[in-house]
Amino acid sequence: MDTSERTKPDSRGFGGFARRTAGMVGQSARKLAEAMATPLLPEDFLGLIDPMRFGADLRGRVVDVRRETPSATSLVIRPGRGWRRPTPGQYIRVGFEVNGVRLWRAYSLTGPVDADTVSITVRAIPDGKVSNHVLNRVRPGQLVYLDQAAGDFVLPDPAPERLLFLTAGSGITPVMGILRNHSRATADIVVVHSAPTAEEMLFREELRHLGETGRIRFLERITGRDAGEVRLPAHRIGDVVPDWQERHTWACGPTGLLDEADAHWEANGIAERLHTERFRPRVTAVGDGGEIDFSASGTLVTADAGTTILDAGEQAGVLMPSGCRMGICFNCVAPLREGSVRDLRTGELTTAVPEDPVLVQTCVSAAAGPCQIVL
Amino acid sequence: MTTTLESPTGVDVDAPADTVVARPNRITGSRAAEQPATWASGKANPIAHLSPDDIEAIGKELDALRDEVIASRGESDAKYIRRVITVQRSIELVSRAILLFSKFPPAFFVGTAGLTVAKILENTEIGHNILHGQWDWMRDPKIHSTKWEWDFASPAEQWKKSHNVGHHTFTNVIGMDNDLGYNILRVDPDQEWKLGFLFQPVTNLLNALFFEYGIAAYDLDIKGWKEGTKSDKEFRADLRKVFKKIRTQMTKDYLVHPLLSGPSFLSTLLANAIANTVRNVWTHSVIFCGHFPEGVETFETDSIDDETRGEWYLRQMLGSANISGSRAMHIMTGNLSHQIEHHLFPDLPSNRYAQIAPRIRALMERHNLTYVTGPLPKQVASAWGKVFKYAVPNKQPGHSRVAEVGGAVRAAAVDAARGVGKVARNVGVRLRRSSRPNRFAQVTA
């Protein structure tokens, strides 16, 4: 046999023939199934039998619901087939059906990753639709929608010997994911964590236990609700962790903390030793009218509260789909990626974040603050 | 990025909607006008007895009703549509499985009946309503007006344009709402009579039997293309999409499933043909009952000048007719049996129409407006009655209808003779000029 033939193992010889045949059979079977199911997809019928099967949209079943603090809940979710093993510190997008409406949010993974389940921890905020749904309505057995894990707030392999985690509030969640998976007892780990009250501090018992058993050095800081000093200013990190400059630091928490940390590490010339995970800034200001960013066409328009997005776009020369122009026909629907719009018929406010874009009717919606429309 | 647990600045995405602002919608801004007793043509105005204040109050009352339903929309509605979809798919799956053995008469009858029901549900309570955006609020990409495709000859995208825009916006306005007879029927005395309408009982029967193809042709806006409002390029692109859709639909029903049935090939093919035809006749009847029975009003273009929201609502109510019947009947019509409620609020979930129907009826009766409704056979008969009645020209004193028809026949004969001559000449020119085949020329000829 000529050696040059061996360079294409997939297409030559009996093995290749079998593989190609199998591939063709598979493709033909798929085509046949599609022809049988059109205009639906074969999956739509298979979904009747097993919604979590391989190849379906990724879903997960809630297997355990634990109350962490009076306002925080941990969910243990068993993902369906097709789930890829995440790296500790990453986050996942979870879609809940809140009173019939599917809403997606991103949460850091807090559980061990070698099991076939994932854990997230959700703290309820006042009037929060999703967080209160998780607090009050989610029960074991329910199905949720999932995306594969993502994010680069992870330890390198091998991990540095000396680590510092600088966190505040729910910024502890990805760190908890890392700690619970980091089994090396020899590592030198310091955790500096702030929370408003002891009661509201997530994972307090577990963190203290890790501290007592010597796995980590745990420095907690209770700041009080209305205290002038809300948390440890980043530039005073040296007061509590004298060797901070020699450590690799992972920081997660409110924007203020991370901005300070960036500046302080930069000023000391060791910016490369700081790894931050930012809460997506939620500055979706609500107002009357605002700047509309038609992102696909790169057009910026300022519109008042009474001008529909459709009118504003058309005036600026954006190619807007349209129909009845009175909210009936749904031909003008376009994705709102970020910001708020107001329905001019009802005054109802719709707000979107990039992790959960919403389709809106541009002909009856006006900008309510800065917003981005993907057109 | 990580969590949504905190919201240090700005407004939280979860925050509930706050205060209601004024509604500067183009049809809510102006005030209703004094109503004339008759329109320009001398036709009586059905809302002449209402004052501008009455009309304004009706508009506000209906807006409030809409808000009320939207505020209470939630989990149980989502469960409803998902259940309907699951039931429909299960019926289809089981029926198709039974039809694999359609050679045996019991399997043939059960399978055909099941497939017919599944196909009707798919078009009515599921497809039509999803394409109206009734379930968009769930934010489920699988049940969304922008993503749904249905078991129907007309592609969803094209149907949405002609139906939701032309028909639902300009409901029953003569000359603007092409659903008023679909350009092939004359269903109102104010529509101009032409010779072709003489045969409309036959036209309509064929339309009923092949309804989905009729709608596909209608959604193509052939009329607009002929009149120049739709470009050749756009028309050709749409035409390709329709042919592709029809091809995949036909391959499924008349080739793939019959072939899978092996020895039952012919009987499965027949079962599919019956299911599609019964569905055509059923949907045609339901839709016919929506706007054509006696008592439904039509409007003129001058009546919608500066139309206010209240006036728009009134036109929707008066231009539609309901069908009375059982819950099962309502579901099989896709709740288009609540045509009046559907036309007032085309984007409210269909399962809510029955709930608001008594209140709409009370509102109309309170204002001396006729709520047209009746059982299916009566409404179908009434609509068909119009098809026969308006096949011939209007009765006018001192005017012979026989002479009018005769004149039209003569004129048509002369036209036809001229046309034949012209075509013959054109063909001659074309044959001389080029021998290259032009597929498009064949389509348009």
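This is a short walk through a predicted model, stop by stop, with something to select each time. Residues are numbered from 1 along each chain as its sequence is written, and chains are lettered from A and ligands numbered from 1 in the order in which they are written. Because the model is predicted, local features need pLDDT of at least 70 and side-chain atom pairs count only at pLDDT 80 or more, while totals for chains, interfaces and linings use all residues.

**Stop 1: a sheet in chain A**

Show chain A and pick out the open sheet of 5 strands, in the order E9-E8-E7-E10-E11, with parallel pairing. (Strands, E, at least two residues, and helices, H or I, at least four residues, are DSSP runs numbered from the N terminus; two strands pair if DSSP finds at least two bridges between them.) Now select 217–222 and 274–278 of chain A: these are E9 and E11, the edge strands, and each has a single partner strand, so one side of each lacks a neighbour in the sheet. From one strand to the next, the twist averages 10 degrees.

Zoom in on E10 (residues 248–253) of chain A, which pairs with E11(A) in the parallel sense over 5 bridges. Click A:Cys252: its bridge partner in E11(A) is A:Glu277.

(Axes are lines fitted to C-alpha atoms, for helices over the stretch in contact, and angles run from 0 to 180 degrees between N-to-C directions; contact puts C-beta atoms, placed from the backbone, within 7 Å.)

**Stop 2: a hairpin**

Still in chain A, select 290–294 and 299–303: strands E12 and E13 run antiparallel, joined by 5 bridges. A:Gly290 has A:Ala303 in E13(A) as its bridge partner. Then look at the 4 residues between the strands, where A:Gly298 takes a positive phi near 65 degrees.

**Stop 3: two helices in chain B**

Jump to chain B and select 105–131 and 265–291. Helices H3 and H9 pack at about 40 degrees, with axes 9 Å apart. Residues to show where they meet include B:Phe108 and B:Leu115 in H3(B), and B:Ile274 and B:Trp282 in H9(B).

**Last stop: an annotated span**

Finally, select 119–373 of chain B, where an unreviewed UniProt entry places "domain: Fatty acid desaturase"; such annotations may be inferred rather than shown by experiment. This span is 56% helix and 0% strand, and its end C-alpha atoms lie 26 Å apart.

Notes:
Contact = placed C-beta atoms within 7 Å.
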